[in-house]
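Hi,

Here is the structure I promised to pass on.

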Amino acid sequence: MGACVMTNLSVFPTPVLPGLHNLLSRYAESMTWMARYMERIENLARLIEVTGTFVRPRNGHAGWDSVLQINADEARFFAMHEQASEHAVVGFYITERDNPGSIAGMAHAVRENARALRPLISTEMWMHLNVFTQWVRDLTPTDIRAGSLSGICTRLKQECQTHFGITEGTLYRDQAWLFYVLGKHLERADQITRLLDIKYHTLLPRGADVGSDIDISQWTSVLRSAAAYHAFRRVLPSGMTPVNIVGFLLKNDGFPRSLSTSLRQVHSALGLLAGEYRLRHGSHILERVEELRVTLAEQTAEEIISRGLHEYMEWIQCQLRQIQEEIVQAYWPAAPMPVGMAQGQAQ
């Protein structure tokens with residue numbers, strides 16, 4: 001997780017942008033990031049639980065280093081810890097207050113964004129987020145010992161799913177809803193590409209060719225990390241191969257967390273903002289998303305793997321970062337600094 005997505009973006013005193021029809025730009029920003037943080041908390045909880053359950057010890061480790069790699073947190077983690085043990089990684093990602101990417105840190109950001117959005121969100125949303133984030137902030141290292149880790153992760157996932165259900169059922173369908181959809185599905189797209197990029201090559205046996213078969217239990221862990229196991233087995237009950245799994249997670253339009261589905265949802269939200277609400281600031285972003293969808297549709301999973309899965313996932317992640325940056329510039333750009341203040345800071 002890069003620094004650009006972990007900054008506290010809850011409140012900016014920016015003015016109403018032209019065409020936003022009374023939706024403050026800071027509301028659009030807070031709605032997008034609240035959705036991203038909640039989606040990220042659920043994904044992280046699932047990844048921690050699956051890593052502890054399915055990844056078998058290898059050379060004295062249990063694959064916890066892959067969790068750091070997926071979240072791009074190696075530098076931050078090793079500045080605070082000597083080795084990637086289960087105890088250290090789990091603490092780092094659940095209760096560590098000095099890690100802004102921990103679940104505790106993100107829960108705090110969720111609550112601050114929800115507080116900024118109080119005029120827009122339902123009472124049910126606010127009450128649930130209040131209780132949930134307070135529970136997370138009260139967790140201690142003692143609460144997440146090995147015997148209770150699965151229960152903690154299960155509750156984290158359930159609370160996030162409850163939030164998504166309450167939001168689906170109570171949030172008014174206007175621009176605020178569309179920015180929520182944008183945040184949620186941008187995060188899903190980012191997470192699925194990170195998961196595939198790291199897990200595919202981490203699990204590939206040394207000396208094996210890309211596309212080789214890998215222990216079925218390990219691929220099961222990848223599917224479960226993406227909440228895709230049952231959906232995959234329903235569509236491909238006897239097709240547990242790397243190509244099928246990569247294809248399913250990237251290209252299956254029926255799976256709600258696939259890259260294809262997430263890009264479709266992002267494209268739809270941007271299109272509605274431009275068409276229904278006349279927010280033309282994002283037309284160029286729509287074109288970038290269309291390009292991503294075309295490159296994904298025109299390649300088979302076999303072609304993506306043979307041409308370089310890692311390189312393609314890196315390119316997708318780079319494009320997603322660019323989309324997020326362009327959304328910021330289009331809908332909640334930083335207010336220009338007064339000349340006097342700028343000169344003072346320069347001095």
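**What I found**

Arg115 is partly exposed, its relative accessible area being 43%; on this scale buried means under 20% relative accessible area, exposed over 50%, and partly exposed in between (1.4 Å probe, protein chains only). An α-helix has 3.6 residues a turn, so residues three or four places apart point the same way.

Before I go on, a word on where this comes from. This is a predicted model, in which local features need pLDDT of at least 70 and side-chain atom pairs count only at pLDDT 80 or more, while totals for chains, interfaces and linings use all residues. Residues are numbered from 1 along each chain as its sequence is written, and side-chain values use heavy atoms, with hydrogens and water left out.

**The overall picture**

The protein has 15 helices and zero strands; helices (H or I, at least four residues) and strands (E, at least two) are DSSP runs, numbered from the N terminus. Of its 347 residues, 54% are buried. Among contacts (heavy atoms within 4.5 Å) with a separation of 6 or more, 67% are between residues 24 or more positions apart.

The largest nonpolar core has 104 residues, and Met34 and Leu249 touch the most other members. By nonpolar core I mean a set of buried Ala, Val, Leu, Ile, Met, Phe, Trp, Tyr and Cys residues joined through side-chain atoms within 4.5 Å. Helix H8 (residues 175-203) gives the most to this core, with 14 residues. Domain 1 (23-172) and domain 2 (173-332) each contribute at least three residues to this core; those bounds come from an automatic or database domain assignment. If you click on Met34, its contacts beyond four places in sequence include Val110, Leu117, His163 and Tyr180.

**More salt bridges**

The whole structure has 14 salt bridges. One of them joins the side chains of Glu187 and Arg40, at 2.8 Å from N to O. That pair links distant parts of the chain, with Glu187 in helix H8 and Arg40 in helix H1 (residues 25-54), 147 residues apart. Both Glu187 and Arg40 are buried.

Then there is Glu42 with Arg46, whose closest N and O atoms are 2.6 Å apart. These two are separated by about one helical turn, because they are four residues apart in helix H1. Glu42 counts as buried at 1% relative accessibility, and Arg46 does too at 5%.

H1 gives the most to its lining, with five residues, and the lining as a whole includes Arg46, Phe54, Lys157, Arg224 and His230.

H8 gives the most to the cavity lining, with four residues.

For the method: on a 1 Å grid over the protein atoms alone, a cavity is a set of points where a 1.4 Å probe fits but cannot get out, and a pocket is an open set with protein on both sides within 12 Å along at least five of seven lines; lining residues have an atom within 4 Å of a point.

**Two last spots**

Helix H9 (residues 216-225) is largely enclosed by the rest of the structure, because seven of its 10 residues are buried. Trp219 and Leu223 are among the buried ones. After H9 comes Ala227, with a positive phi near 55°.

His201 lies in helix H8 and is partly exposed, at 34% relative accessibility. Leaving out residues up to four places away in sequence, His201 touches Leu309 and His310. His201 and His310 are 109 residues apart in sequence, yet 8.2 Å apart in space, C-alpha to C-alpha.

Cheers

Technical notes:
Salt bridge = Lys/Arg side-chain N within 4 Å of Asp/Glu carboxyl O.
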